[in-house]
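Trainee: Can we go through this one together? I'd like to start with the overall layout and then look at single residues.

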Amino acid sequence: MNKCNRLAVLALSTLLVLPGFAAAADKAKVAEFLDVMQVKQNYAQMETMVAQMADQGFQESARQHELQGESLERARAAHEVAKKGMLEAMAWEAIEPEISALYEEHLTNAEIDAAVVYYRSPEGASLLAKQPALMQAAMQIGQRRMQEILPRMQAELKAIFSKETAAQPEG
């Protein structure tokens, strides 16, 4: 083996051993990981919660605008069309290739193997079983906090717009 070949082999073997240069995970490992993590099922539950939040937001907005009768029905129909489009754009089937690619890029096969072993253990399975309830509770906390701060944010925006409108030169 000549000196150039030996240097190439040494460089390649060094790259393979350095943790910073670990190879990306392969598609099959990522698919197994996503299956064990029940990502598709959890994502479906999140979609349901997002749809419910959108419906609640519509109802609140309709009340604030005092929509009734035909106006309310037209607004509700438009909301349903918009919600359907949003849910289709965010559907698991639409987003899964990007999610898989993300995991392939950022995780190694060894990391995925270790995670799969853990989530198949009793402790890991228990954590997975609790994830939907934890996610829902966390979303409720976020909603509550937004409802608490929304009036203050709206008042601040109203004050800003009033000030800026008054400061505009007439023209």
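What follows is a chat about the fold, the core, the rings and the charged pairs.

Mentor: Keep in mind that this is a predicted model.

Trainee: Fine. How many helices and strands are there in the chain?

Mentor: The chain has seven helices and zero strands. Along the sequence the pattern reads α-α-α-α-α-α-α.

Trainee: What share of the residues is buried?

Mentor: Of the 171 residues in the chain, 18% are buried. The accessible surface is about 12,800 Å², and carbon and sulfur atoms hold 61% of that.

Trainee: And the contacts, how much of them comes from residues 24 or more positions apart?

Mentor: Counting contacts with a separation of 6 or more, 83% link residues 24 or more positions apart.

Trainee: Next topic. Which residues have the most contacts inside the largest nonpolar core?

Mentor: They are Phe33, Leu34, Met37, Trp92, Ile112 and Tyr119, in a core of 15 residues. The elements giving two or more residues to this core are H2, helix H3 (39-64), H5 and helix H6 (109-120). As background, nonpolar side chains tend to be buried together in soluble globular proteins.

Trainee: What does Leu34 touch, leaving out residues up to four places away in sequence?

Mentor: Leu34 touches Val39, Trp92, Glu96, Ile99, Ser100 and Tyr103.

Trainee: On to the rings. How many aromatic pairs are there in the whole structure?

Mentor: A search finds three aromatic pairs. One of them is Phe33 with Tyr103, a tilted pair with 5.4 Å centre to centre and 55 degrees between the planes.

Trainee: Where do Phe33 and Tyr103 lie?

Mentor: Phe33 is in helix H2 (residues 27-36) and Tyr103 is in helix H5 (residues 92-106), so this pair ties together parts 70 residues apart in sequence.

Trainee: Is Phe33 buried or exposed?

Mentor: Phe33 counts as buried because its relative accessibility is 8%, under the 20% cut-off. Tyr103, at 27% relative accessibility, counts as partly exposed.

Trainee: Why is the pair of Tyr118 and Tyr119 edge-to-face?

Mentor: Their planes are at 75 degrees, with the ring centres 4.9 Å apart, so the pair is edge-to-face. The cut-off for that label is over 60 degrees.

Trainee: Now the charges. How many salt bridges are there?

Mentor: The count comes to twelve salt bridges. Among them is Glu60 with Arg63, at 2.9 Å from N to O.

Trainee: How far apart are Glu60 and Arg63 in helix H3?

Mentor: They are three residues apart, which means about one helical turn separates them. Glu60 is partly exposed at 35% relative accessible area, whereas Arg63 is exposed at 54%.

Trainee: Last one. Which residues are linked with Asp55 in a network of salt bridges?

Mentor: Asp55 is linked with Glu80 and Lys83 in that network.

Notes
Residues numbered from 1 in each chain as written. Predicted model: local features only at pLDDT ≥ 70, side-chain atom pairs only at ≥ 80, totals over all residues. Heavy atoms only, no water. Phe/Tyr/Trp six-rings, centres within 6.5 Å; stacked < 30°, edge-to-face > 60°. Helix = DSSP H or I, 4+ residues; strand = E, 2+ residues; numbered from the N terminus. Buried < 20%, exposed > 50% of the residue type's maximum accessible area, 1.4 Å probe, protein only. Core = buried A, V, L, I, M, F, W, Y, C linked by side-chain atoms within 4.5 Å. Contact = heavy atoms within 4.5 Å. Areas by Shrake-Rupley, 256 points an atom, 1.4 Å probe, with all protein chains shown as cover. Salt bridge = Lys/Arg side-chain N within 4 Å of Asp/Glu carboxyl O.
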